[in-house]
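Please open the structure in your viewer and keep the selection tool at hand. The tour below goes from one selection to the next and says what is there.

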Amino acid sequence: MKEFHGISASPGIVISTAFLYNEETFSVPRYSIAEDEVDTEIERYNNAILSASEELTELKASITREHSEDEARFLDSHILMLHDPMFKDQVFEKLRHELINVECIVQSVIQELVNKLNASGDIYMQERTMDMNDVAKRIINTLLMRKRISLADLSHEVIIVTPDLLPSDTLLMNKWMVKGIVMDAGGRTSHTAILARSFGIPAILGLRRITMAVSDGDVLILDGQAGLVIVDPDQETLDRYKKKQTEYLKRESELFNLGNLPSETRDGKNIKLKANVEIPDELDSVHAYNAEGIGLFRSEFLVMQKGQEMDEELQFEIYKKVVQGMNGESVTIRTLDVGGDKLIHEIAQRNEKNPLLGWRAIRFCLEKVDVFKIQLRAILRASVFGPVRIMFPMISGIEELEKAMDILNSVKKELNSEGIEFSDDIPVGCMIEVPSAAMTSDILARKADFFSIGTNDLIQYTIAVDRGNEKITSMYEPFHPAVLRLIRMVVENGHNAGIPVGMCGEMAGDPLATVILLGLGLDELSMSAFGIPEIKRIIRSTTILESEEFLGTLMDMKSFKDIDKYVRNWMEERFEFIT
Ligand code: PEP
Ligand code: MG
């Protein structure tokens, strides 16, 4: 029995057999050609592009029929890549120069591009290499007249174990038979993670070398919550997980039944539960879990996905679609939060020593005013189609908030003078995720219409512990007295100024923190949509009075370890469904 820990990309517990899907190992023949054979190779290439393009068009039509046009849209980029003239020029040049068969040339040109992207340090661009590999394989398979191995033909239940699942495979696979996905590569923003979440298939990604440790037919346990894969479990572990799985499914269906019930404490306080959204494809699950709006739309993923040249029109269309899709529930669009670990080319080029303390988020936007204005114009224009809130990330003090608001006002003036409509009721808020903002939240509250506490960064900066460094995760402690005190200060300052205070960091979706957050007086919590039912269940079973008493005890404690232990014991005893 062996255990592997990875990134929990989609929740759920499954026990099934492994299906090793390793298309990477497909071999490409290599042979020399004579100079007078170059034209034949070019013709073979052109024909292959034509039939691959037809194949993709058919694939797109069938995905659109079975799912939606939106889900098939990623294939547009594959079709564009197929016809990219620069790629074609590179292939032909290399072909003439190296005099090697064209499938081998295609493979090496793609490999060079992929290596470049991998070296860029840009996580999102690295994830795009999956699409490039997908396109290359399609061309090569067409050239070799090979049929792709298809996951659509799976006829028994399996957990797919693979180095890197391609988006098109994920879309076309037989979803009744795929019980889980386990991958060496991938992050939470990859297409595969997004699709797994929307199909409700538990997935653990970023396991690095799990494909080396698993053979076809091995029994696997996949614990999506814990990000844990157990290979060849012993009987005792198997029995324990079967029980856990039954409990999980029972709990899920009970939770789902909470559906439209209000998110209200037993003594009648309503806490809005909203969803965090990275890309618009997640709207379906936002509705499935009855989110009361989008509390954080991380717009930077969109821009990173579409490229930095994303113009006003493209942004407007996407914001408009999201706003319309929420049917009157409000959408909080956070302006670009690039930098830190969300590198884009321009920032990566600066090679900062301390990117997390560097040129990021609002600092980037206040310098790149043109980019900022384009985004603000697009958001303002989308506000005609439903309630929108604008939120600025990484505000560290009043100067930045005032500058950002000045730019917003100048954009409003521009739109007015151009006769372009926008709503005159757009709340403007700021994220509180830097300790200096929390400490001066009384000052910020006079300017902002709402606060949203970003605990992911607030904890990182308060305790000086890198949120991405696995060596010090035990120090990354949401219940640290300093963090609790800062949150309390922010809520009090916000409420004294009469503005609502929400939270959109991961702490908002952590069931262990819910009673504390009620006691602290948060008005809304925004989280991954699938986390909403459990948080709602806790809110509906408690009272504000009880939560305030609980918080009072914690605030008198000195050490985060004591608080953490106390909270775990208390919550497990108080709510039998918390494990
Ligand atoms: C946060 O910092 O808590 C937050 C919500 O923003 P992000 O995780 O995108 O930095
Ligand atoms: Mg943040």
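This is a predicted model: local features need pLDDT of at least 70, side-chain atom pairs count only at pLDDT 80 or more; totals for chains, interfaces and linings use all residues.

Residues are numbered from 1 along each chain as its sequence is written, chains are lettered from A and ligands numbered from 1 in the order in which they are written, and side-chain values use heavy atoms, with hydrogens and water left out.

**Ligand 1**

Select ligand 1 and then the residues around it, where a residue is near if one of its heavy atoms lies within 4 Å. There are 14 such residues, and the closest are R298, R334, G454, N456 and R467. By class, the shell holds seven charged residues, four polar ones and three nonpolar ones, where Asp, Glu, Lys and Arg count as charged, Ala, Val, Leu, Ile, Met, Phe, Trp, Tyr, Cys and Pro as nonpolar, and the others, Gly among them, as polar.

Next, colour strand 10 (294–298) and helix 20 (455–463), each of which supplies at least two residues of this shell; helix 20 gives the largest share, three residues. Helices (H or I, at least four residues) and strands (E, at least two) are DSSP runs, numbered from the N terminus.

Now look for polar contacts, here pairs of N or O atoms within 3.5 Å. An oxygen atom of ligand 1 lies 2.8 Å from a polar backbone atom of N456, and a backbone N or O atom of G454 is 3.4 Å from an oxygen atom of the ligand. D457 takes part through its side chain, with a polar atom 3.0 Å from an oxygen atom of ligand 1. Of the 290 Å² of accessible area that ligand 1 has on its own, the protein covers 98% (Shrake-Rupley method, 1.4 Å probe).

**The largest cavity**

Select L255, F256, L258, G259, A288, Y289, N290, I532, P533 and K536, which line the largest cavity. Helix 10 (235–256) and helix 23 (532–540) each give two or more residues to this lining, and the largest share, three residues, comes from helix 23. The lining has seven nonpolar residues, two polar and one charged.

**V490**

Finally, select V490, which lies in helix 21 (residues 481–496). Is V490 buried or exposed? V490 counts as buried because its relative accessibility is 0%, buried meaning under 20% relative accessible area with a 1.4 Å probe and protein chains only. The C-alpha atoms of V490 and L444 are 9.9 Å apart, although 46 residues separate them along the chain.

Definitions and conventions. A polar contact is a pair of N or O atoms within 3.5 Å; within protein, one must be able to donate a hydrogen and the other to accept it, and residues adjacent in sequence count only if both atoms are side-chain atoms. On a 1 Å grid over the protein atoms alone, a cavity is a set of points where a 1.4 Å probe fits but cannot get out, and a pocket is an open set with protein on both sides within 12 Å along at least five of seven lines; lining residues have an atom within 4 Å of a point. Buried means under 20% relative accessible area, exposed over 50%, partly exposed in between (1.4 Å probe, protein chains only).
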